[in-house]
Amino acid sequence: MKKIFSIILILSVCLLTACGKKKDSVETYRTEEITSGAQAADNKAVGASQTIAILAKDAPNSDNADKISSEAALLVDATTNKIIFNKNAHKTEAPASTTKILTALVALKYADQKATRKIGDEVIIDEDNIVMCDYRIGDDVPFDVLLHGALMKSGNDAAAALALFTSPTMDDFIAKMNEEAKRIGATNSHFMNPHGLDQDNHYTTAYDLYLLFNEAIKNPQFIEAIGCKEYNSTFNRSTDYGDYIIECSYSNGNAYVNGSKKAPSYVNVIGGKSGYTDNAQRCYVMLAESGGHKYIFVTMKCATRDIMYDDLSYLLTLVPDMNAN
């Protein structure tokens with residue numbers, strides 16, 4: 001009887017051990033399955049969407065990287081998650097107004113998009129030679145106007161007002177920006193303001209900009225704003241002399257959208273977001289379609305606008321022509 005009991009006890013222990021091993025195996029596999037592209041590159045971030053292109057931290061530049069003058073560049077097929085071109089895509093750079101991609105993404109996620117907001121002193125930005133939409137303290141401006149002002153005109157006051165449309169304080173909004181960036185997997189970035197004017201500890205990479213933009217284009221309102229050729233609307237202004245309706249008009253600065261540059265005939269450029277400061281130089285994040293695929297282009301730190309567009313034009317030629325024989 002003791003011998004039978006001993007055999008049963010040994011079998012029970014073996015079965016329990018085997019089940020434990022099987023469970024551990026499943027959990028390990030699941031952890032690997034949900035690992036984000038940023039974690040594969042950085043081994044830190046967990047939980048971002050698997051539907052992204054993965055670029056290892058030590059990935060070599062593309063063979064034709066010398067064709068690009070920008071310090072960093074990236075081209076991704078956002079439909080297949082295939083990286084077509086890479087040049088220094090993990091190198092940290094100042095993002096300038098490409099920061100407004102994340103600002104818009106956070107605002108679209110958290111703000112009441114049907115509301116208007118009374119503008120405060122956040123629109124007073126004490127810097128020379130910067131782009132402004134000329135909103136003034138006390139103006140009642142709809143969310144949609146601020147969104148287009150930030151993405152189309154690249155108004156720094158629009159980005160600041162959009163931030164406080166979303167959060168009670170600027171610090172709270174900036175915290176949301178950094179939380180959202182980490183959630184998406186942009187772990188080599190840190191943001192200090194909603195507009196992208198140069199500031200210590202405000203940086204990103206071409207790869208992280210791709211991740212942020214790839215998330216932003218999931219929102220139809222974001223795509224509409226970056227692809228809109230002409231936007232016309234109004235907002236209210238109260239003065240000591242009476243109340244006025246102020247008309248505003250923003251034009252798309254993308255050279256392929258406004259017709260001043262030509263993309264290959266098989267590529268449709270939808271739009272994008274530019275950036276410029278003396279420190280960041282010229283940078284651009286752009287969306288295009290071809291053959292049913294979406295493509296994301298990123299260029300960072302280019303000396304001039306013309307050279308930046310030369311770089312973008314070269315990257316456009318790397319988009320495969322699905323109809324070519």
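How closely do the axes of α3 and helix α7 (residues 206-216) come, and at what angle do they cross? The views below are taken from a predicted model.

**View A. Helix α3 against helix α7.** The axes of α3 and α7 come within 9 Å and cross at roughly 35 degrees. The crossing in which α3 passes α7 is left-handed. On the α3 side, the contact is made by I101, L102 and L105. On the α7 side, the residues in contact are L212, F213, E215 and A216. Sorted by class, the residues of this contact are six nonpolar, no polar and one charged.

**View B. Helix α3 against helix α5.** Helix α3 covers residues 99-110 and helix α5 covers residues 156-166. Their axes come within 9 Å, with a crossing angle of roughly 30 degrees. Angles under 35 degrees count as roughly parallel, so α3 is roughly parallel to α5. The crossing of α3 and α5 is left-handed. Helix α3 contributes K100, T103, A104, V106, A107 and Y110 to the contact. Helix α5 contributes N156, A159, L162 and T166. By class, the contact of α3 with α5 holds six nonpolar, three polar and one charged residue.

**View C. The largest pocket.** The volume of the largest pocket is about 640 Å³. It is lined by 34 residues, and the closest to its centre are S97, V131, G275, Y276 and R282. What is the make-up of the lining by class? There are twelve nonpolar, 13 polar and nine charged residues in the lining of the largest pocket.

**View D. Strands and a helix in the pocket lining.** Which element supplies the largest share of the lining of the largest pocket? That share, six residues, comes from β7. Strand β7 spans residues 268-277, and β8 spans 281-290. Along with α9 (305-317), β7 and β8 each supply at least two residues of the lining.

Notes
Residues numbered from 1 in each chain as written. Predicted model: local features only at pLDDT ≥ 70, side-chain atom pairs only at ≥ 80, totals over all residues. Heavy atoms only, no water. 1 Å grid on protein atoms, 1.4 Å probe; cavity = no way out; pocket = protein on both sides within 12 Å on 5 of 7 lines; lining within 4 Å. Points joined across faces, edges and corners; volume = space filled by probe spheres on them. Helix = DSSP H or I, 4+ residues; strand = E, 2+ residues; numbered from the N terminus. Nonpolar A, V, L, I, M, F, W, Y, C, P; charged D, E, K, R; others polar. Axes fitted to C-alpha atoms, helices over the stretch in contact; angles between N-to-C directions. Parallel < 35°, antiparallel > 145°, perpendicular 65-115°, else oblique. Left-handed = near helix turned anticlockwise from the far one by under 90°. Contact = heavy atoms within 4.5 Å.
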